Amino acid sequence: MTRLLEHQSLLLLEAAGVTVAPYRAVDTPAAAAEAARALGGPVILKALVPAGGRQKAGGVTRITEPADAASAAGRLLGSTLGHFPVTQVLVQACVDIREEYFCALTFDSVTRSPVMLFSAEGGVDVEDLVRDRPDALVSRPVEPTAELPPFVGRELGAAAGVSGQRLLDVADVLTRLYAVFRNNDGFLVEVNPLAVDGAGRLVALSAVVVVDEQAEFRHPEWARLVDPAGSNGWRPLTTLERAMREIDATDAGSAIRFNEFEDGAIACMMTGGGSGLVTFDHLRRLGETPATTFDITPGRVEEKMYLATKAILSRPGLRGLVAGGNISNFIPIDVKVRGVVRALAELGVDAARFPVVFRYAGPGVESAREIAAKVPGIEFYDERVSLEEAVERIVARVREPGRGPA
Amino acid sequence: MSILLDERSRVLIQGITGQQARTHLKYMLKYGTRVVAGVAPGKGGVDVDGLPVYDTVHAAVRNHPVDIAVLFIPGRAAKDAALEAIENGVPLVVILAEGVPHHDTAEILARARACGSRVIGPNAQGMISPGKAKLGGTGGQFPERMYMRGPVGILSRSGGMGGEIGSALTRRGIGQSTYVSIGGDLLIGSSFADLLPLYEADPETRVVVLFGEPGTGHEEAAAELIASGRVTKPVVAFVAGEALETLPRGMSFGHTGGLMARGLGSPRRKKQVLRDAGALVAERFGDLPPLVARALGLGSS
């Protein structure tokens with residue numbers, strides 16, 4: 001899932017015919033001042049980072065005098081919000097707000113369909129709304145059709161207590177937001193608030209669009225919008241995470257998923273989403289943190305396993321490596337192990353000093369065991385030892401007295 | 001007995017000429033799965049492992065009654081292939097692909113509801129009724145190493161961990177009725193709550209194991225069903241990913257369904273509601289086999 005920056009999201013809303021508060025995205029204090037003058041009157045400055053909760057984190061400022069925009073933008077630019085450095089600021093015209101609505105579209109696992117949410121009491125965090133005024137938030141599943149019939153929006157707005165011409169206007173905006181959601185392969189489209197201004201018009205003051213990476217193949221335009229190396233969902237990618245993306249790009253035949261944890265000391269290469277979770281849980285249960293999580297889908301994996309192992313072991317401060325995964329159905333595991341062992345041998349890893357535990361099971365296990373024997377000291381387990389027992393082995397080994405970093 | 005799949009089930013393979021399909025087709029046939037035909041658009045008329053190949057599902061089902069279609073089709077083309085199976089009246093459609101766009105899955109599932117087809121997946125590994133038949137990648141080349149016939153039903157959001165459960169039970173001499181890999185995506189055609197009633201009705205199944213993960217409302221819906229009394233057979237559950245709750249929000253692992261949105265789908269909470277509903281919840285994966293043995297009245301060891 002990739003969260004677009006707010007100005008990119010607002011642009012998608014405008015293209016669908018939703019009225020948005022006038023805005024400009026700038027990257028210098030001088031440009032912020034110029035934008036404030038051009039927009040006229042008081043403006044809102046927002047840090048453009050791909051994360052929520054900006055208001056609470058101090059990333060939103062209201063400026064009454066355009067002359068103050070430069071210094072306020074200067075404070076935001078160069079600061080860090082959440083984990084993201086602020087390199088761009090949104091300058092947005094203030095709107096005379098009379099009422100605030102909340103609108104969102106996403107998917108619901110239980111109804112297995114898109115779901116549309118609306119509240120006539122927007123302008124607050126949706127978490128707070130759900131907690132404090134659950135009855136004020138209405139929702140309904142919607143059919144995944146090419147266009148949303150406007151009656152769906154009317155039903156939802158009416159359920160939230162909107163009536164008259166306003167109801168028709170709300171339904172119109174909801175129909176357009178559905179088009180944004182559908183046509184851009186959105187995973188989430190959220191407008192909070194959708195304001196009613198002094199003239200009774202509906203104006204989007206804020207927009208969040210999260211797009212579904214699984215649909216990237218049909219959205220070449222995303223290459224211009226989204227920096228794939230920009231975020232792993234909650235912070236910018238680390239150097240090692242960027243390196244892993246480059247390794248992954250060497251061959252489209254299989255896909256790597258990788259995360260790095262600052263405070264971890266045990267490199268973890270347990271493949272299979274579920275086995276990665278089980279391994280992670282058990283490491284934490286035993287008081288350890290993985291330095292990495294690593295998953296790879298079936299395909300031509302040997303070279304990627306080799307490159308990935310080399311990259312991971314370049315990380316300073318590691319105390320051991322646990323590699324493997326659940327019993328394989330697809331990938332002959334000797335192919336995987338060959339890649340890992342080639343990296344270990346090339347790096348001159350002494351598994352007597354730097355503990356390495358393998359838990360590989362599936363086709364090719366006998367050959368994998370022989371390959372692993374090339375690096376003396378690797379503990380090799382198959383399905384007779386559970387994933388949790390393999391985790392217990394690596395934890396016991398790294399805690400043996402006299403162990404140092406690799 | 002078993003659920004959804006047995007030695008009589010007539011299976012159609014869509015995308016039969018692809019590399020993965022050809023590999024796993026051989027294993028399926030060797031295990032006794034009754035594969036009747038294949039579909040490969042533009043390649044109709046060829047023969048794969050002695051099976052007729054058609055250009056369209058329409059032509060295939062006209063010549064061969066089909067109970068199940070298995071899609072060896074990449075994510076970007078899965079919607080087309082799944083709609084083709086659904087609109088041609090295939091009652092059970094198994095989508096193995098990872099990476100099916102959410103909007104496509106929503107469309108597939110809506111059409112399946114309208115046409116009365118059941119969908120398994122996407123992002124499912126397959127399924128096996130041990131000793132009878134297997135579909136997709138489940139069990140790989142040597143399914144007998146991991147699965148044996150017996151009284152335990154398995155439903156898993158992780159294909160790989162379903163195999164680990166099968167293997168751990170089989171090594172203790174506990175067999176399985178049917179294992180279904182239900183798929184790791186946020187939107188899937190058949191959830192725990194959809195399939196639990198099938199096990200309830202299956203005379204061979206005596207206990208059902210669920211492997212859950214963070215995100216979605218599937219475990220919560222299963223708990224609700226159990227609490228309602230509509231599932232009387234013991235349910236043993238494991239929910240992975242509790243350690244994720246110690247991480248910043250927004251972080252996602254492997255499965256897209258693992259994305260925890262707005263604090264919903266917390267593993268801790270899932271375990272609590274399952275426990276409250278009367279399921280036996282394993283804290284560690286290693287606790288699963290003894291809990292299953294206990295539920296079967298075999299005593300734990």
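What share of the 301 residues in chain B is buried?

1. Burial in chain B. Buried residues account for 59% of the 301 residues in chain B. Keep in mind that this is a predicted model.

2. Size of chain B. A compact globule of 301 residues would have a radius of gyration near 19 Å. Chain B comes out at 19 Å, so the two agree. The C-alpha trace of chain B spans about 55 × 40 × 30 Å along its principal axes.

3. Make-up of chain B. Chain B contains nine helices and 14 strands. Take the contacts in chain B between residues at least 6 apart in sequence. Of these, 72% join residues at least 24 apart.

4. Contact between the chains. On the chain B side, 55 residues are in contact with 46 residues of chain A. Three helices of chain B, α4 (102-115), α5 (159-171) and α7 (218-227), each supply at least two residues of the side that touches chain A. By class, that side of chain B has 27 polar, 19 nonpolar and nine charged residues.

5. A caution on interface size. The counts in point 4 are residues in contact. Interface size is often given in another way, as the accessible area lost when the parts come together.

6. Domains of chain A. Chain A is divided into domain 1 (22-93), domain 2 (97-225) and domain 3 (239-398). Between domain 2 of chain A and domain 3 of chain A, the C-alpha centres lie 43 Å apart.

Terms used:
Residues numbered from 1 in each chain as written. Chains lettered and ligands numbered in written order. Predicted model: local features only at pLDDT ≥ 70, side-chain atom pairs only at ≥ 80, totals over all residues. Contact = placed C-beta atoms within 7 Å. Helix = DSSP H or I, 4+ residues; strand = E, 2+ residues; numbered from the N terminus. Nonpolar A, V, L, I, M, F, W, Y, C, P; charged D, E, K, R; others polar. Domains from an automatic or database assignment. Rg over C-alpha atoms; globule rule 2.2 N^0.38 Å. Buried ≥ 20, exposed ≤ 12 C-beta atoms within 10 Å, placed from the backbone.
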